[in-house]
Amino acid sequence: MYRTQVGKVLSSFWYRLFLKHQKDFLSSFKKHYTRELSSLSVERTENTNLERDINKLRNVGISAHIDSGKTTLTERVLFYSGRIREIHEVKGKDGKGATMDFMELERERGITIQSAATSCFWANHPINIIDTPGHVDFTIEVERALRVLDGAVLVLCAVGGVQSQSLTVSRQMNRYKVPRVAFINKLDRQGANPFRVVQQLRDKLHKWAAPLIIPIGVEEELKGVIDIIRREALYFEGRFGEQVVKKQVPEALVTDVEKYRKSLVEMIAELDEDIADKFLSEQEIPEEELKRAIRKLTVNLKFIPVFMGSALKNCGVQPLLDGVVDYLPNPKEKENTALRLVKKEIDGEMKQVEEPVILSPSANEKLVCLAFKLEDGRYGQLTYLRVYQGTLKRGDNIFNSRTSKKVKVPRLVRMHADEMEEISEAVAGDICAVFGVECASGDTFTDGKDTFSMESVFIPEPVMSLAVKPKSRETSNNFTKALARFMREDPTFRFFNDPETKQLIISGMGELHLQVYLERMKREYGVECEAGQPQVNFRETVTRRTKFDYLHKKQTGGAGQYGGVIGYIEPSDDSLSNEFVNRVVGNAIPPNLIPAVEAGFREACERGSLTGHRVQGVRMVLEDGKSHSVDSSELAFRIAAIMAFREAFPQAAPAVLEPVMNVEVQVPTEFQGTVMGALNRRRGIIISAVDYGELSVIQAEVPLYEMFGYATELRSVTQGKGDYTMEYKEHRETTQQIQQMLVEKHQKEQAERK
């Protein structure tokens, strides 16, 4: 490995000299630099033979609440595994920044905006890593990463503990049944209390969790960690903590180690019968047997092993990597299913139905892979793929299950942040990327031998909108290209033209989400935009049942229009989706025209009559109707459904719904009362307020409409010491005052257009 690298930069003379004296050179190099290059060289050589060993492969995501230290942790993981040669910090003073935050905007703001993939080796195990954003506005990046991963590291702050986005990430992991280990970071911070965080894991996430590592001191006294399974102390020496020194447990902590080890064994005994038998008979449980039990419970989503340390202080990262290898599953241990289209006889007719099929993570099976992320790269569209079954080779023809189109794979690469490594093939379990394949996020690709389709990711609805337009007409083409690209890459970013205001509206998951895309337009496409005030995505709904009976009749010179609909509208069961129910008996409405009635209903729901916002949570039940043998048509019944809905809607006690956010505020305890009062003035409902030493954490539910300008107010009342995060919870009925204001605003806008 190193011969090749050095040979590229030295002349042939110096290269021959290097070969002759390479032993002395490496010895000198090792003396001046703390990295153990010789061991890394051996490991790299061995690694080339391990890439196809799926039993050793780990596909892992690193996820957390914002500012918990995910990217800092990933930087250490890459350094200790030999993937990178230098450590750079988030918002690094050297101008480089962390490896995984390669976007200029990420380095400027000090946050992760988009997920980034890389790979490394640890203990002869290949590990694919995806570093995900912690801000709720970029939650789709976490969603689609967890969709394709086999395991995850949930990073928690030793001071903040289990925070709002920690809960969201945990729900996402549960949705995709992703086993996880937890890493309690920032033990060096003032107020760090890792054991409180462990208890929060149990109380808030409702998971069995116990520490496998405990610290030797906290805050300024943090010196190392103790492996309670092996009963040994670990110290991290060298310039970057790369040398792990094992020593005996300090005498003052022996009692604590035995206490936490006994607690761990008791918890495992509650979940594992074999361990329980030995525990009850007071037998000593061997280290390997205990680790096997922990691994089995972790893979089966019954237990969360907890590790501790401080990534910034280079403490505790190597034991976490050991935990990833020891306790998280390989692709064979994570069950993945696809849907296959098969013909079955139903009610005497042959129909196509979707049948679930468990995929086999073998390189010799039929190819099945999922496109989970798109980027516009230097060489065209870059599509990230997870190969679940079979082998994908450069030059192969693959089939898109959604479009049934055949495409060729011209280039196949493995990603390292924004760098690419050419590979000839990717086998089951691999995460790779391809160029030149036109598709959408969530598409399934096969080799054409079977009709497989995989479930796509969950996509949340946007909660905020902005009216935008380019400042200069000359940049209109680039403006359109940027919008199309961003919407293709990010399913939570959308845009549309408002037919009434003639404005272009962009929608997203929050103010920061939209600001980032406007800034990217300026930097990547040279388009400066004028943006209006942020608009909250209100919704309209009905609160009671109302009948309708509408006949649309129009006679022209030729064929006329004739269509009548009778039924009622009412609130739907989930208060979220719009539902159409056909209960027509006989042929009062020809069966081939029923879909037109449903299309009319759904079109009417796009714009409510109260405030002009979308309608949700309504069920339309069609009971009867009228038709004409000549004049009835799809157009007639679609118009009849639209007009019937518009007539019935005002009689169904309509209401306006507003998005309500889960807000978490962290402030010094002295400001708790002031901050809670400010939230109450913004129509907030305080859920809890807990003091952790000098820090107070306030949980509240606040309407998004009231949150504009809150960051400025919070900084003002806390002398710049407060911080907050928020995430979407639900749409909830707003107050009569707000509803009346929105109705009057809508009526005024309509009057001005006339």
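Reader: Let's start with N314: is this residue buried or exposed?
Author: This is a predicted model in which local features need pLDDT of at least 70, side-chain atom pairs count only at pLDDT 80 or more, and totals for chains, interfaces and linings use all residues. Residues are numbered from 1 along each chain as its sequence is written, and side-chain values use heavy atoms, with hydrogens and water left out. Buried means under 20% relative accessible area, exposed over 50%, and partly exposed in between (1.4 Å probe, protein chains only). N314 has a relative accessible area of 11%, so it counts as buried.

Reader: Where does N314 sit?
Author: Helices (H or I, at least four residues) and strands (E, at least two) are DSSP runs, numbered from the N terminus. N314 isn't a glycine, yet it has a positive phi of about 55°. You'll find N314 in the loop between strand 11 (304-308) and helix 13 (317-327).

Reader: And E219, what is its relative accessible area?
Author: E219 is not a glycine either, and its phi is positive, about 55°. Look for E219 in the loop between strand 7 (213-216) and strand 8 (224-227). E219 counts as partly exposed, because its relative accessible area is 29%.

Reader: What is the bridge partner of V565 in strand 34?
Author: Strand 32 (residues 561-571) and strand 34 (residues 618-626) run antiparallel to each other and share eight bridges. In strand 34, V565 is bridged to G625.

Reader: How do helix 10 and helix 11 pack, at what angle?
Author: Axes are lines fitted to C-alpha atoms, for helices over the stretch in contact, and angles run from 0 to 180 degrees between N-to-C directions. The axes of helix 10 (residues 254-271) and helix 11 (residues 273-280) are 6 Å apart, and the angle is about 125°.

Reader: What do we call helix 10 relative to helix 11 at that angle?
Author: Under 35 degrees counts as roughly parallel, over 145 as roughly antiparallel, 65 to 115 as roughly perpendicular, and the rest as oblique. Therefore, relative to helix 11, helix 10 is oblique.

Terms used: Two strands pair if DSSP finds at least two bridges between them.
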